[in-house]
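Here's a quick briefing to read alongside the model.

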Amino acid sequence: MPVELVQVLLAVALVPAHFVPYAIVANLHLGMDYTTGPRDEPVDLPPLCGRLKRAYENYLESLPWFAIVMIVAHLSERADGLITTLGWVYLGLRVAYVPAYVSGVPLLRSVIWMFATGAIFIALVWLLIGV
């Protein structure tokens, strides 16, 4: 399987790595009655749970961009060394994003997000330049 498609699959495999920690902490804090129910009433989440939730939601926002760019690179047969490197940069930084967000270190998660998103943007521009 081409590397760029493996990278897309790995990115999808990171979804549970983002979701499961959030789900565990939410279940511990809110209880199974709430989390398995309709959740009609909003609740306040403790800081750790809130950070895990936001990290998960942020990942879901960037994943389609990444997947589309990598799939287009593959379909257009333009998945060169730069595209592959940018794919690994994105994946590595997204793995680092959750612990960085949870740590609460000022600016750390923002810098990681900026470079991960930048990797997608650079790949997109690289593909558009070759059109």
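**A buried ring to start from**

Phenylalanine 66 is buried, at a relative accessible area of 3% (buried means under 20% relative accessible area, exposed over 50%, partly exposed in between, with a 1.4 Å probe and protein chains only). Keep in mind that this is a predicted model, where local features need pLDDT of at least 70, side-chain atom pairs count only at pLDDT 80 or more, and totals for chains, interfaces and linings use all residues. Residues are numbered from 1 along each chain as its sequence is written, and side-chain values use heavy atoms, with hydrogens and water left out.

**Overall layout**

- The chain has five helices and zero strands; helices (H or I, at least four residues) and strands (E, at least two) are DSSP runs, numbered from the N terminus.
- Following the sequence, you get the pattern α-α-α-α-α.
- Along the principal axes, the C-alpha atoms fill a box of roughly 50 × 30 × 20 Å.
- Of the chain's 131 residues, 34% count as buried.
- Among contacts in the chain with a separation of 6 or more, 76% come from residues 24 or more positions apart (contact means heavy atoms within 4.5 Å).

**Aromatic pairs**

- Searching the whole structure turns up five aromatic pairs; rings of Phe, Tyr and Trp (its six-membered ring) pair if their centres lie within 6.5 Å, and planes under 30 degrees apart count as stacked, over 60 as edge-to-face and the rest as tilted.
- Phenylalanine 66 and tyrosine 90 are a stacked pair, because their ring centres are 4.2 Å apart and their planes sit at 15 degrees.
- That pair links distant parts of the chain, with phenylalanine 66 in helix 3 and tyrosine 90 in helix 4 (residues 81–103), 24 residues apart.
- Tyrosine 90 counts as buried too, at 1% relative accessibility.
- Tyrosine 97 and tyrosine 101 have ring centres 5.6 Å apart and planes at 90 degrees, so this pair is edge-to-face.
- Tyrosine 97 is buried at 1% relative accessibility, and tyrosine 101 is buried with a relative accessible area of 10%.
- Phe19, Tyr22 and Tyr56 are linked into a cluster by ring pairs.

**Helix 3 against helix 4**

- These two, helix 3 and helix 4, pack at about 175 degrees with axes 9 Å apart; axes are lines fitted to C-alpha atoms, for helices over the stretch in contact, and angles run from 0 to 180 degrees between N-to-C directions.
- Helix 3 and helix 4 are therefore roughly antiparallel (angles under 35 degrees count as roughly parallel, over 145 as roughly antiparallel, 65 to 115 as roughly perpendicular and the rest as oblique).
- On the helix 3 side, the contact includes Leu52, Ala55, Tyr59, Leu63, Phe66 and Met70, while the helix 4 side includes Ile83, Tyr90, Leu91, Tyr97, Val98 and Tyr101.
- By class, the contact of helix 3 with helix 4 has 15 nonpolar, four polar and three charged residues; Ala, Val, Leu, Ile, Met, Phe, Trp, Tyr, Cys and Pro count as nonpolar, Asp, Glu, Lys and Arg as charged, and the others, Gly among them, as polar.

**Helix 3 against helix 5**

- Helix 3 (residues 47–75) packs on helix 5 (residues 108–129) at an angle of about 25 degrees, with axes 10 Å apart.
- Helix 3 and helix 5 are therefore roughly parallel.
- Asn58, Ser62, Trp65, Phe66, Val69, Val72 and Ala73 from helix 3 meet Trp113, Thr117, Ile120, Ala123, Leu124 and Leu127 from helix 5.
- The contact of helix 3 with helix 5 splits into ten nonpolar, three polar and no charged residues.

- Glutamine 7 sits in helix 1 (residues 3–30) and counts as buried, at 0% relative accessibility.
- Beyond its neighbours within four places in sequence, glutamine 7 contacts Phe66, Met70, Ile83, Thr84, Gly87, Trp88 and Leu91.
- Threonine 117, in helix 5, is buried with a relative accessible area of 14%.
- Tryptophan 126 also lies in helix 5, but is partly exposed, with a relative accessible area of 33%.
- Leaving aside neighbours within four places in sequence, tryptophan 126 is in contact with Arg78, Asp80, Leu82 and Ile83.
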